[in-house]
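Biologist: I have the sequence and the structure open and would like to go through them with you. Could we take it chain by chain and then turn to the contacts?

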Amino acid sequence: MGHMGHMGHEMHTMGQVAGLPMAERGDDRDELRLDQLHVPIGPALSNWPAGLILRLTLQGDVVQDVAVDHLRVPSVHRLPFWDEPWLRAAQGEKVTRDRAARRRCAAHLDSAGRLLAVVGWDDVAARCRRLRDEVLSGAPREGVDGDLRRTVRRVGRSRPLRWSIAGLGELSADRARAVGVTGPALAADGDAYNRLLMWMSEVERGLDGLDDARPLAPDDRTGPRGRVDGPRPPSQALLDVLPELLTGAEFACARIIVASLDPDLDELALASVSGAAHA
Amino acid sequence: MLDDVIFWVLALLAVAGGVMVFRFDSMARATYALLTSLLCVGGEVLLLGLDYLGVVIVLMMTIEMAIMAVFMVMYMMNPAGLMPMTMVHNKKGAAVICAAVFAVLAAGILLAPWPSRRGKPSDDPTMDLGLSLMGPQMLTMMTLGLALFATIVATVVLATRRGRYDRFGDDLKARTADDAVRGGTGR
Amino acid sequence: MSLELFLLLAAALFSIGLFGALTQQSIVMLMMGLELMLGGIIVGAAAVWHYIAPAAADGQVLVVLAVTVMAVEMAIGFAVVTALFRAREVDMTDMAAELKE
Amino acid sequence: MPDAAPLWATVVLPVALAVAAVVTAGFDALLSGSAERGSARTVREAGLRAVAPLREALRLLVQQPRRTTAADRLLGRLGVVLVPLAAVLAGAVLPWGFRAVSDPSVGIVWFNAMEALAWAAVWLAGWGPNSALSLIGGYRFLAQGLAYELPHMFAITTAALGAESLRVGDVVAAQEGLWFVVWMPAAFVVYLLSALAMAFWGPFEYPLSRDAAGGAATELAGVDRLVFLGGRWLLLVVTAGFSVPLFLGGGQGPLLPGWAWTLIKTAAVLMLLVAGRRALPVLRMERYMEVAWMVMVPLTLLQALFVAVVVLNR
């Protein structure tokens with residue numbers, strides 16, 4: 001009689017149903033050996049880095065394993081939008097501080113809006129997106145200053161938000177440096193909440209640069225996601241650090257961790273573009 | 001008249017649901033067939049004038065079956081029943097035993113000289129139940145309470161893999177618990 | 001409606017549950033059989049309360065007892081399955097019996 | 001003492017609930033609109049924003065349903081339909097002023113049993129389409145249920161304890177003079193939180209949250225989606241509305257008739273919830289669970305103990 005049971009387990013490992021493979025068991029965090037589900041997340045999903053594909057191995061909703069993949073980045077000769085001012089400056093063009101500051105503020109507001117939407121704080125997420133559009137469209141500083149500072153303060157003061165995401169995706173500065181992360185994720189030296197606050201403080205600092213017509217300082221080559229003059233585009237390092245942060249996280253936490261790093265897949269084309277520019 | 005109709009509908013649904021529990025391949029469907037059956041049991045109890053107990057059965061069974069479905073999907077192979085398979089043993093023998101049991105019970109039910117109704121239900125049977133449980137049946141209530149408490153302890157001990165020494169270190173001095181997922185009270 | 005009809009329904013549920021409990025290999029399915037049997041007992045107890053001794057609350061107490069037993073049986077059952085599953089990846093009665101060897 | 005409502009109330013109830021749901025959704029859309037596009041400049045613009053949920057409902061009516069591979073359509077459908085059904089059945093014991101469609105002697109337990117149907121409903125809706133994200137959403141609701149249900153039960157038990165009755169009408173009558181919210185504040189707050197949780201809305205949107213691309217509702221489209229999400233608004237209205245007879249004195253109040261007070265109080269509670277939602281992110285259950293069991297369960301138990309002592313010494 002017991003053979004029936006064993007047979008059951010074998011059937012379990014080989015079957016195909018309705019064109020879909022049946023789930024198989026595997027070791028997991030809670031030592032329950034539950035069924036494994038292979039779920040690709042991305043490339044197109046709202047509030048998700050466009051083009052990023054994570055091939056997750058889920059047990060329940062715990063991420064057991066993750067492979068980072070992305071759509072092929074077309075090698076068009078168009079600079080990645082969010083890094084454009086710094087790259088142009090590196091190529092010797094004249095770029096005003098106003099332009100760089102606007103781009104940085106908008107990039108961080110964009111990232112923060114995405115993170116807050118994933119966290120489920122729709123109200124502030126919507127405000128961040130609206131402010132991003134206003135900053136990008138060249139609204140004068142007086143027009144956005146008050147609104148922006150109010151939003152930044154609201155994010156910084158929210159205890160529920162801190163309660164909700166503190167401790168997710170802990171990335172120490174040492175580890176970040178070792179992987180080659182630069183920019184706010186390195187400076188934040190901590191979890192998703194620290195990274196969000198770092199974005200917010202950079203937005204607030206960036207306000208001072210608005211409407212500043214002087215040219216960009218020659219040593220300022222740090223875009224919103226890190227140094228653009230390094231050997232690799234900054235988002236590549238963020239992608240490299242993803243697997244170690246995501247493994248063992250629950251699905252919701254995994255989404256928050258990805259959003260708190262917010263890699264920009266456009267940047268991956270950067271290596272070839274900047275290489276060509278130098279040549 | 002209306003009561004008769006309700007009785008028959010609920011009774012047939014209950015039996016049909018009970019049979020379907022063991023005929024569905026899909027674990028989810030089997031669980032919800034059982035829920036249907038037990039909800040009908042709750043309905044019959046309501047029909048008998050036990051409002052409180054009937055509604056409590058509906059409440060408890062809904063929650064219980066919802067949780068049961070998770071365990072079914074978690075532990076059973078082939079939870080969606082997409083691959084028909086049977087996992088039974090000794091079907092014939094069991095069928096004979098059960099038919100015999102039913103026959104004996106039915107014979108007993110139909111042949112027994114049931115006593116006639118003594119007294120009539122009070123206006124508020126729920127109050128009766130409460131007074132009884134807190135009075136003459138206090139011992140039952142206390143036993144039930146203890147049994148439930150023992151169950152809570154036993155299930156946690158059985159199901160968990162990690163005790164407080166795993167969470168707070170050998171000397172229990174760790175300030176925050178070493179858990180795979182951080183909780184909400186900041187401990 | 002009569003006492004006999006209710007009791008027959010109770011007997012039917014009890015027998016179906018018994019069949020399930022005897023035949024099913026999976027522990028979880030076996031528990032469903034037990035639940036059905038307890039469902040039968042509930043109907044029987046409520047019917048006896050209504051048709052024989054509605055003045056006393058004993059029939060109701062029996063229903064409370066059955067409902068509690070259902071909850072306890074369910075909780076213990078799932079805990080045992082989890083423990084077995086964690087130890088040996090076993091979820092069937094026959095395989096659990098083999099563990100003795 | 002409440003008297004039985006006429007038969008037509010049975011028909012009016014779902015309609016009234018639906019109207020309340022549409023108004024609430026409109027108010028929510030208005031607030032969302034001002035966050036997304038700045039505050040409305042004209043009344044017309046505000047009105048357009050407020051009818052956005054209705055437009056969305058019409059769009060869903062004509063949208064094609066979505067099919068998924070190896071779906072369990074029977075159970076999925078059942079889950080979708082159960083949500084509004086549970087809401088309306090729970091609403092049957094909701095007194096308008098001093099009358100409810102039905103006022104059974106165990107009305108409070110009935111209410112609780114009907115909203116427990118939502119447990120089954122959301123899980124079924126998540127299970128049905130055979131999609132990983134929607135199943136994750138379905139499971140999340142069970143976790144959420146385990147977190148909110150116990151404190152919730154203790155909270156409503158406290159109100160019943162204060163009135164020494166499980167009949168909703170008696171609970172309202174017991175609040176003549178002093179509303180329960182005054183001496184059961186902890187139970188009231190816990191009730192409001194669990195009302196949001198059982199309507200899986202706002203900060204408790206976790207089962208349908210955006211990070212799982214809509215969770216249990218991911219694969220729902222067309223009429224299914226309308227029924228499911230509309231049912232969720234109904235559930236919110238009913239659960240928020242039930243806090244009025246439980247803690248806010250039901251139809252009691254000076255000058256105005258009972259139904260008007262019920263309406264005003266319900267609207268106030270709903271407005272508080274809709275506006276309060278804007279201050280909170282979604283509460284994830286791995287965090288909330290611990291708070292619910294370590295803080296809210298003891299808190300509600302202490303509250304119940306306090307009320308029990310008061311009742312005994314009365």
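Biologist: Which pattern does chain D follow, read along the sequence?

Modeller: Chain D reads α-α-α-α-α-α-α-α-α-α-α-α along its sequence, with 12 helices and 0 strands, where helices (H or I, at least four residues) and strands (E, at least two) are DSSP runs numbered from the N terminus. Please keep in mind that this is a predicted model, in which local features need pLDDT of at least 70 and side-chain atom pairs count only at pLDDT 80 or more, while totals for chains, interfaces and linings use all residues. Residues are numbered from 1 along each chain as its sequence is written, and chains are lettered from A and ligands numbered from 1 in the order in which they are written.

Biologist: Where is F200(D) placed, and is F200(D) buried or exposed?

Modeller: F200(D) is in the loop between α9 (185-198) and α10 (222-247) of chain D, and with 28 C-beta neighbours inside 10 Å it counts as buried. Its phi is near 30 degrees, a positive value in a residue other than glycine.

Biologist: Switching to chain B, how many helices and strands are there?

Modeller: Chain B comes to 7 helices and 0 strands, and its radius of gyration is 23 Å, well over the 16 Å that the globule rule gives for 187 residues, so chain B is more spread out than a compact globule. Of the 187 residues of chain B, 35% count as buried, and among its contacts between residues at least 6 apart in sequence, 49% join residues at least 24 apart.

Biologist: Which domains is chain B divided into?

Modeller: Chain B is divided into domain 1 (1-81) and domain 2 (125-178), with bounds that come from an automatic or database domain assignment. The centres of these two domains of chain B, taken over C-alpha atoms, are separated by 27 Å.

Biologist: What does UniProt list as "transmembrane region" in chain B?

Modeller: The unreviewed UniProt entry lists residues 6-24, 31-50, 56-75, 95-114 and 134-159 of chain B; the positions are given in the numbering used here, feature names are shortened, and annotations may be inferred rather than shown by experiment. In the model, residues 56-75 of chain B are 100% helix and 0% strand, with end C-alpha atoms 28 Å apart, while residues 134-159 of chain B are 88% helix and 0% strand, with end C-alpha atoms 33 Å apart.

Biologist: Now the contacts: which two chains have the most?

Modeller: Among the 5 pairs of chains that touch, the most contacts are between chains B and C, and that contact takes 57 residues from chain C and 68 residues from chain B. On the side of chain C that touches chain B, α3(C) gives the most, with 19 residues.

Biologist: How do the residues on that side of chain C divide by class, nonpolar, polar and charged?

Modeller: They divide into 40 nonpolar, 12 polar and 5 charged, where Ala, Val, Leu, Ile, Met, Phe, Trp, Tyr, Cys and Pro count as nonpolar, Asp, Glu, Lys and Arg as charged, and the others, Gly among them, as polar.

Biologist: And what about chain D and chain A, how many residues does that contact take?

Modeller: That contact takes 24 residues from chain D and 29 residues from chain A, and by class the chain D side has 11 nonpolar, 4 polar and 9 charged residues. No contact joins chain C and chain D, whose closest C-alpha atoms lie 14 Å apart.

Note on methods:
Two residues are in contact if their C-beta atoms, placed from the backbone, lie within 7 Å. A residue is buried if 20 or more other C-beta atoms lie within 10 Å of its own, exposed if 12 or fewer, and partly exposed in between; C-beta atoms are placed from the backbone. The radius of gyration is taken over C-alpha atoms; the globule rule is 2.2 Å times the number of residues to the power 0.38.
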